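Please read this briefing alongside the sequence and the coordinates.

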2 protein chains.
Amino acid sequence: MSQIRHALNIKREDDFAAWYQEVITAADMAEESGVRGCMVIKPWGYGIWERIQRLMDDRIKAAGVQNCYFPIFIPLRNFEREAEHVEGFAKEMAVVTHHRLISDGKGGLIPDPEAKLEEPLVVRPTSETIIGDAMARWVQSWRDLPLLTNQWANVVRWEMRTRMFLRTTEFLWQEGHTAHADRADALAETHRALEMYRACAEEDLALPVIAGEKPENERFPGAVETWSIEAMMQDGKALQAGTSHYLGTNFAHAAGIKYQDREGTEQYCHTTSWGVSTRMIGGVIMTHGDDDGLRVPPRIAPHQVVILPMLRETPEDEALLAYCEELRARLASQSAMGEPVRVLLDKSPGKAAGKRWDWVRKGAPVIIEVGPRDMAEGKVAQIRRDRLWNPDNGKPAFAFIAREDAIGAIGTLLTDIQQSLFDEARERRDANITRGVNSLAEVEAFFSGSAKFPGWVEVQWSKPTGAALEKVVETLKGTKLTIRNVPRDAAPADGACIFTGEPAVERILVARAY
Amino acid sequence: MSQIRHALNIKREDDFAAWYQEVITAADMAEESGVRGCMVIKPWGYGIWERIQRLMDDRIKAAGVQNCYFPIFIPLRNFEREAEHVEGFAKEMAVVTHHRLISDGKGGLIPDPEAKLEEPLVVRPTSETIIGDAMARWVQSWRDLPLLTNQWANVVRWEMRTRMFLRTTEFLWQEGHTAHADRADALAETHRALEMYRACAEEDLALPVIAGEKPENERFPGAVETWSIEAMMQDGKALQAGTSHYLGTNFAHAAGIKYQDREGTEQYCHTTSWGVSTRMIGGVIMTHGDDDGLRVPPRIAPHQVVILPMLRETPEDEALLAYCEELRARLASQSAMGEPVRVLLDKSPGKAAGKRWDWVRKGAPVIIEVGPRDMAEGKVAQIRRDRLWNPDNGKPAFAFIAREDAIGAIGTLLTDIQQSLFDEARERRDANITRGVNSLAEVEAFFSGSAKFPGWVEVQWSKPTGAALEKVVETLKGTKLTIRNVPRDAAPADGACIFTGEPAVERILVARAY
C-alpha cells in the first residue's frame with residue numbers, strides 16, 4: 001500500500017485553523033481585501049453562495065415571504081429608542097458622519113468639515129429597526145397580518161478579530177422580518193424559519209445540524225427567544241449556522257407597529273427575525289473539506305461535473321474537444337435532485353492532470369477526464385471527489401466506464417455523493433456528542449483531556465436565569481466553553497443540574513464554538 | 001362612445017412628474033424610507049428587479065464573466081491615487097469615520113471619539129479602485145487575461161436631489177470590471193457589454209434604446225471612452241439606461257495592474273467597466289406606464305398571469321378555487337419566450353373586481369377572472385393589460401374565451417404583449433426624433449416651441465473638445481439640453497456643425513434628460 005500524497009500542505013489534524021485558510025486559498029474561494037476585516041469573495045466562493053441563495057430563496061418564496069430592499073443606512077434615533085437592542089450592537093458599528101471629501105491641501109483627501117451630517121448614520125448591522133419603521137407604515141389592521149418580508153443584503157459589524165467567511169466586518173446574508181397578530185402566530189413563524197434553515201442546511205449543504213433554543217445569555221439583543229441550528233465542525237467545535245428570533249412586542253413598541261384587531265382594539269404586533277449568512281460557507285469548508293481541499297456538496301456546487309479533455313496541442317485536439325462538447329451537452333441534459341446537471345467543459349490551457357488537481361482542491365463533485373484513447377473506445381475516466389483515493393494503491397480512484405453509462409448514471413451518482421457527504425458528517429457528529437457527563441468537573445476533565453477534537457457534551461441543567469446563569473457562563477468560559485442550545489429533539493431531563501445540583505429541567509449542548 | 005374612467009388620478013399629459021410618483025405608489029413598487037434619499041423597494045418593485053437581475057445575470061454568465069464580491073468600504077488612499085476619478089465623485093460620498101457609538105449621557109448616542117478611524121473609509125460609489133487592487137494581485141501574465149469579473153451590489157452617491165428609482169442616495173446595480181492585454185481587446189469588451197445592455201433593454205425590458213458614445217464632457221471620471229444606451233421616456237426626455245466605459249490604462253496605472261506579455265515585457269492592462277442599475281425600473285415605468293398605472297413587459301413581470309376567482313364567501317367557493325387552481329397549474333405548465341409561465345392565483349380576501357384594479361395598476365400583463373358561471377361554461381374572462389380598454393364602450397376589453405384556448409394560447413399571447421409594448425415604444429420614440437435641424441437657433445426654437453413633449457433632435461457637429469466643447473455645453477444648458485450620445489448607427493455627417501459652422505464629423509442626439 002502506497003503513501004497518499006495529499007493535495008494540500010497542511011493536514012486537518014496538524015493545524016485545523018491553518019488548514020482552513022489553506023483550503024480557502026487552494027480552492028480559490030476568497031482572499032483578504034486589504035480593507036480591514038473585509039474579504040474579496042472570488043468566483044468559486046461566490047458561485048457557492050449564489051447556489052445557497054437560490055435554494056434558500058426558493059424556500060423563502062415557497063413560504064409566502066416576499067423579498068424587499070431596505071436602506072443600508074440607519075439613523076441614530078432608531079437605535080436610541082431600542083435600548084436593549086443597541087446595547088448588544090453598540091460596540092461594533094460603522095458610523096457615517098460626513099457626506100463629502102475635500103482636498104487636505106497636501107495631495108490627500110479629508111472629510112469636508114462643511115459636510116458633516118446633522119445626524120450620523122449607521123451602516124446596518126441588522127435591519128430590525130429600519131424594517132420596523134416600514135412595518136409601522138404598512139400594518140394598520142388585522143387584515144394586513146401576517147406581514148412576511150425578507151431581504152438579501154450586506155451588513156457590517158465592526159469585528160475586532162476576523163476570519164474569512166466565519167466572522168468578517170462586512171458579510172452577506174438574508175434577513176427575514178415578519179409581523180403577526182399574536183404570540184402564537186409569531187412563534188409558529190419563528191419555528192417555520194428554523195425548520196427551513198434545518199432543511200436547507202441538511203438537504204442542500206449536507207450539514208447535519210441540531211436545532212434548539214439558545215440560552216438567555218446568547219439571545220439576540222431585544223429578542224424574547226432565540227433559536228439556532230448548530231453544526232459540528234471536524235475539529236469538534238460548534239458553528240452557529242443560522243438563527244431565528246421571536247422578538248415579542250419589543251420592536252413593535254419601539255417602532256409603533258400596531259394594528260386594529262377584529263374588535264377594533266389597537267394591539268401591538270409580535271415580530272420575528274431570522275437570518276443566515278456567508279458564514280454557512282465556512283461551515284461547508286470545515287465540515288466537508290479534507291486534506292485535498294474542499295468537497296462541495298452537489299446541490300450547492302457551481303459546477304457539479306468538470307470535464308477535462310487531455311489536449312496535446314496537436315490537430316487531433318479539435319476532434320477531442322468536439323467529443324467532449326457533445327459529452328458536456330448530454331450530461332447537462334440529465335437531471336439530478338430535480339435540477340439540470342451543471343457541467344463545465346474546462347478548455348483552459350494546461351495539462352489535464354494539472355487541472356485535475358485544481359478541481360480536486362476546489363471540490364467539484366465529479367471530474368471526468370477524456371483522452372484520445374478514451375474517445376476511441378467510447379470510455380471516460382471518472383473520479384468522485386468524495387472518494388478520491390484508492391486506498392490499495394494510494395492513487396486517485398478513477399473509474400473507467402463507458403461513456404453512455406457515465407451519462408445515464410450521473411443523476412444517481414450526484415444524488416449519492418450528496419447523501420454520502422451528509423451521512424459521513426452526521427456519523428462523525430453523532431459519534432462526537434458525549435452524553436452521561438454528570439458533573440461540571442467531568443465536563444472540565446472531558447475538554448481538558450487528551451482528545452484533540454473532543455466534540456460536544458450533552459448535559460442536564462436546571463435552566464438558571466439572571467445572575468445564576470451568568471455564573472454558569474463565567475465558569476464555562478474558563479474552559480472556553482459555551483452553551484450552544486437546548487436541542488429541540490433532546491430526551492427529557494431525568495437527573496440533576498450539573499451546575500446547581502437542583503433537579504434538571506432540560507438538556508443542553510456544551511461545546512467550544514466559532 | 002363612453003368616457004374611460006382611468007385608474008390613476010393624474011394623467012401623464014397633465015403632470016408627468018406627479019404621474020410618475022403616482023404610478024410607483026399605485027403599483028405599490030417603492031416608497032420613501034425616511035432615510036435621506038434612500039427608498040424602500042417593495043415586493044412588486046423588487047420582484048421586477050429580481051427578474052431583470054436574473055435575465056442580465058444569465059447574459060453576463062453566458063459571456064464568460066464571473067461574479068465576485070468586493071468590499072463596500074474603500075480606503076481614502078484608493079481615491080487619492082486616481083485624481084481624475086476622485087474629482088468626478090468627490091462631492092458626493094458617504095464617509096465612515098468612526099467604528100463605535102457611545103451614550104452622550106443624555107439618553108442619546110454619539111460616535112465614540114475614542115473609536116475614530118485612522119483612515120476614513122468611503123462607502124463605494126463605484127468599485128473601480130477597489131477591484132483594481134484585486135486585479136493587480138490576480139493578473140501576472142498574459143495567460144491571466146482577459147480577466148472578466150462582475151458584482152451585484154449596492155452603491156451610495158450622496159445626491160442632492162433624489163427621485164425614486166431614477167436617482168437615489170443608495171441604489172442597486174451590477175458593475176462589470178475587466179482587464180485586457182491591449183486596447184483592441186478592451187474596446188471589444190466595452191462594445192460587447194454595450195450590446196448586452198442594448199439586447200437586455202430591448203428584448204427583456206421592451207425599452208428601445210440608442211447605443212452610442214457619450215461626448216467628452218459626459219465621460220465617466222477617469223474613462224477614455226464612455227458609451228451609453230439612451231431610452232426616450234413618454235415625456236420626450238432621455239434616460240441613460242446603462243453605460244460601458246473603456247478606461248484605457250488609467251486605472252491600471254493607479255492600481256498597478258500589470259502583466260508580462262509573451263515576450264516577457266511588463267505591460268499595463270487596459271481595463272473596462274460597465275453597469276446598469278435599479279434606474280432601469282424608472283425607465284420601464286416612464287416608457288410603458290399609462291393613465292391606469294404600470295404595464296410590465298412579460299419578460300420581467302414577477303407574475304405574468306394573475307387569476308382572480310370571483311369568490312362570494314359561500315360554500316360554492318371551494319369548487320371555484322379548485323377549478324382556478326387547476327387552471328393555474330395548467331397555465332404554469334405552458335411556456336412563453338423560453339421560460340415557464342409565471343402564474344399567480346390571487347386568493348386574497350376582497351372582491352375580484354376590486355382586486356382587478358390593483359393588478360391593472362401594478363401592470364400584470366394578463367388578468368383572468370373566473371366566476372361560477374364561467375366555470376360551468378368552461379370559459380374565462382381575460383384582459384390584456386396593454387390593451388385594457390374597449391374604445392367603443394369605454395369598458396375593460398374582456399375577452400370571453402374557452403378555458404382550453406386561454407391555456408393553449410398563453411405563450412403566444414405573452415410573446416405578443418412583449419413585442420407589442422416594444423413596438424409601441426419604438427414607434428413613439430422614432431416619431432419623436434427630429435432630424436434636419438440645422439442651426440442652434442432652430443434647436444432652441446424647437447425646444448422652446450409649443451410641443452409639450454418635444455422629444456430629441458439629431459444634429460451634426462464638428463466634435464469640438466476642451467474649451468470649445470465646454471462652450472457648447474454651456475449654451476445648451478441654457479435650454480436645459482444635454483448631448484446624449486453619438487448614435488452608433490447614425491448616418492454619416494454630411495453638413496455643417498450647428499455650433500461652430502465647421503464641417504461636421506458626426507451626428508449627435510440632443511435632448512432634455514433625467
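The points below are grouped by topic.

This is a predicted model, in which local features need pLDDT of at least 70 and side-chain atom pairs count only at pLDDT 80 or more, while totals for chains, interfaces and linings use all residues. Residues are numbered from 1 along each chain as its sequence is written, chains are lettered from A and ligands numbered from 1 in the order in which they are written, and side-chain values use heavy atoms, with hydrogens and water left out.

**Confidence**
- The average pLDDT of chain A is 95, and 99% of the residues score at least 70; pLDDT is the predictor's confidence in each residue, from 0 to 100.
- For the complex, the predictor gives an ipTM of 0.96 and a pTM of 0.97.

**A sheet in chain B**
- An open sheet of eight strands has the order 3-9-10-16-13-12-11-29 in chain B, with mixed pairing; strands (E, at least two residues) and helices (H or I, at least four) are DSSP runs numbered from the N terminus, and two strands pair if DSSP finds at least two bridges between them.
- Strand 3 (66-67) and strand 29 (486-487) of chain B stand at the edges with a single partner strand each, so one side of each has no neighbour in the sheet.
- Strand 12 (residues 225-232) and strand 13 (residues 238-246) of chain B run antiparallel and are joined by eight bridges.
- Within chain B, B:S228 stands opposite B:T243 of strand 13.

**Cavities**
- There are six cavities of 30 Å³ or more; on a 1 Å grid over the protein atoms alone, a cavity is a set of points where a 1.4 Å probe fits but cannot get out.
- The largest cavity has a volume of about 70 Å³, a volume being the space filled by probe spheres set on the points, which are joined across faces, edges and corners.
- Among the residues lining the largest cavity are A:E128, A:H177, A:F251 and A:S273; lining residues have an atom within 4 Å of a point.
- Helix 5 (128-138), strand 10 (170-180) and strand 16 (270-277) of chain A each give two or more residues to this lining, and helix 5 of chain A gives the most, with four residues.

How values were computed:
1 Å grid on protein atoms, 1.4 Å probe; cavity = no way out; pocket = protein on both sides within 12 Å on 5 of 7 lines; lining within 4 Å.
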